[in-house]
Amino acid sequence: MEKPAVTNLKSVPVEVEAGKTYYWCSCGKSANQPFCDGSHKGTSFAPLAWTAQEDGKAFFCGCKHSHNKPLCDGSHKALNAG
């Protein structure tokens, strides 16, 4: 199984709009982090669609290892410790 590229060892805060769908990069190769730019083509990865329930700030996973994808759950702390 392919592993995603770790792009950031912290969350990525983004102002989001209620009802808007965002496509989170799951492979780590996008130049438009934390969002997909199609760089996953030819891999086993695909973007993850997420729709904001309300206006505000969302904290997207930058390390690509969250158990709450696409949002950060602090998994980057364990990666940073290693």
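Reply: Let's start with P34, which is in the loop between β2 (21-24) and β3 (48-51). Strands here are DSSP runs of E with at least two residues, helices are runs of H or I with at least four, and both are numbered from the N terminus. A cis peptide bond joins Q33 and P34, with omega about 5 degrees. Bear in mind that this is a predicted model: local features need pLDDT of at least 70, side-chain atom pairs count only at pLDDT 80 or more, and totals for chains, interfaces and linings use all residues. Residues are numbered from 1 along each chain as its sequence is written, and side-chain values use heavy atoms, with hydrogens and water left out.

Me: Where is P70, and which residue is joined to P70 by a cis peptide bond?

Reply: P70 sits in the loop between β4 (56-60) and α1. Its cis partner is K69, and omega is about 10 degrees.

Me: Why does K64 count as buried?

Reply: Buried means under 20% relative accessible area, exposed means over 50%, and partly exposed is in between (1.4 Å probe, protein chains only). K64 has 2% relative accessibility, so K64 counts as buried. K64 is in the loop between β4 and α1, and has a positive phi of about 70 degrees although it is not a glycine.

Me: What makes E17 partly exposed?

Reply: Its relative accessibility is 48%, so E17 goes in the partly exposed class. You'll find E17 in the loop between β1 (12-16) and β2. From E17 to A46 is 29 residues in sequence and 23 Å in space, C-alpha to C-alpha.

Me: And why are Y22 and H76 called buried?

Reply: Y22 is buried because its relative accessible area is 7%. Y22 belongs to strand β2, and is 38 residues from F60 in sequence but 10 Å away in space, C-alpha to C-alpha. H76 has a relative accessible area of 13%, so H76 is buried. H76 lies in helix α1; H76 and S66 are ten residues apart in sequence and 7.7 Å apart in space, C-alpha to C-alpha.

Me: Which residues form the nonpolar patch on the surface?

Reply: V6, L9 and L79 do, with about 220 Å² of accessible area together. Patch residues need over 30% relative accessible area and no salt bridge; nonpolar side chains (Val, Leu, Ile, Met, Phe, Trp, Tyr) are joined within 5 Å, like charges within 9 Å. A salt bridge here is a side-chain nitrogen of Lys or Arg within 4 Å of a carboxyl oxygen of Asp or Glu. L79 is in helix α1 (residues 76-81), and counts as partly exposed because its relative accessibility is 34%.

Me: How do you know what is a cavity and what is a pocket?

Reply: On a 1 Å grid over the protein atoms alone, a cavity is a set of points where a 1.4 Å probe fits but cannot get out; a pocket is an open set with protein on both sides within 12 Å along at least five of seven lines, and lining residues have an atom within 4 Å of a point. By this rule there is one cavity of 30 Å³ or more. The largest cavity has a volume of about 30 Å³, and its lining includes C25, C27 and H40. The largest pocket has a volume of about 170 Å³, with M1, W24 and K64 among its lining residues.

Key. Grid points are joined across faces, edges and corners, and a volume is the space filled by probe spheres set on the points. Accessible areas come from the Shrake-Rupley method with a 1.4 Å probe; for residues, only the protein chains shown count as cover.
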